[in-house]
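Dear colleague,

Please find below the structure that I am handing over to you. My notes on it follow directly after.

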Amino acid sequence: MITPQNRIIIVDDQFEELQRLANAFLKNGLGCRTFEYDKLYDQPLNRVRLAFFDVDLGEKGIDTSGLNQEEIEAAATSIYNDLAYAINQYISKDNGPYALIFWTKNRPLIDGFKNYVDNPDRGYSDTAKPYLIECFDKNDLNETSNVLPKLDELFINDKIKFYFELEENARLAGSTAIEKLHSIIPKDGKWSQNMEYFQNIDKVLSKIAVNVLGYDYAKERPIKGVYEGLSQLVLKEFLDSKKYIEPKELMSSLLDSKEQKEIEFPDKIIATKLNTIFHIEESIEFNTSERGGVFEIKLDSLKSDEFKPSYHFSLGEYFKRLEKFNSELFFRLNSTLQEDEAAKIKSEIEFIAVEISASCDYSQDKMRNNKFILGILTPSIELSKLDLKSISKSLLYKEIPNFYYNEKEYSIYLNLNFVFSDSELNFIGKPKFILKKEIIDMIGNRYANHVSRIGITSF
């Protein structure tokens, strides 16, 4: 599918000025999207990385000579409002990092516009935030040939170059991966024929999907298998790509540090969101056979007559205790905690089952009883509110990193003493998300160590 590229956009209400800047890019082999300003435009763009806006889009220009900053801002209110509105028309509030370049003949208006948008009373506080605001004076750029050198001046700073280099290297990695894939597929003998080539693409992609997911799962999710396999080829090309960033300029915190503890996130929520990216898979439909699947537990079904396990174990009794919620089964709250706060923590807890069957059994789709560990899903609890000394070694409470779910920070606590199968029980409810392989391997290893611990008789 061919889609418009929004990487560089230009917005101006004068066609000649629009073309002047656009031609400068085109003559240097760079594509851009041009927009002759339309007050009715209503399709904000995403993934804009460089945006040029004429300041006076309504041709309400004012003469700023002899005016101080306060007088300029008072005189230009109408211009500022039109410009702020226009930026929101063309750039989505969720756009991401971009540089905003004002393309104007009236540079003194720029500082006043910054103050205008920064004022929360103006109603533009949620406008997509640029990481760089610069100004190109139209009067200084009469020829298209001298626009690009001016652009080069913007990107001397490695912190600015980083976003553009990251995106470009990712694009080139994908393009090079396609070429590498193409090079290993046998071609037809004649230049004008391609039947054998497409048959071979079929075979290569099918084999990749099977080797990555296993035969049965690849048949269910062939595109997932292909993309997971090819992602390694893309990653290799990405890591091998040329880097022009100077590390000292971009990551001085790391290079100037003496020990690891000096390196910290500016906000702890960043770690939580990164953990979500690394370890949680949400946008997928799955059932109880999915390794790492996290499911709600239907406590109501445990009270019904249908809950009659045909083998002996203590899960039924355990759930009777869960109904009253004895917090010591997973953790003990500090005795100093206020009663209402403790009650609130307990009320937000949701019981879950986490599938932990062996990776090889899953990939080969072997007939198996799916193995689950009992756990709880809860909004993150400050460690200061827990009696950490009382937490049993049979619990996983710190090993699983916090993650972002339903727009809140969550934790998972697992009880390694309660591993069960769903083969004869029906209390596992709706799927929530999948814990990825690295986390499930860690849980499986921790569980194996737990059940193999040695006990001796001693006097």
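Helices (H or I, at least four residues) and strands (E, at least two) are taken here as DSSP runs, numbered from the N terminus. This is a predicted model, in which local features need pLDDT of at least 70 and side-chain atom pairs count only at pLDDT 80 or more, while totals for chains, interfaces and linings use all residues. Residues are numbered from 1 along each chain as its sequence is written, and side-chain values use heavy atoms, with hydrogens and water left out.

The chain contains 16 helices and 13 strands. Of its 459 residues, 40% are buried (under 20% relative accessible area, with exposed over 50% and partly exposed in between; 1.4 Å probe, protein chains only). Among contacts (heavy atoms within 4.5 Å) with a separation of 6 or more, 76% join residues 24 or more positions apart.

Two aspartates deserve a note. Asp38 lies in the loop between strand S2 (33-36) and strand S3 (50-53). Its relative accessible area is 37%, so Asp38 counts as partly exposed.

Asp54 belongs to the loop between S3 and helix H2 (69-75). Asp54 is buried because its relative accessibility is 4%. Apart from neighbours within four places in sequence, the residues in contact with Asp54 are Val11, Asp12, Asp13, Leu83, Trp103, Thr104 and Lys138.

Yours sincerely
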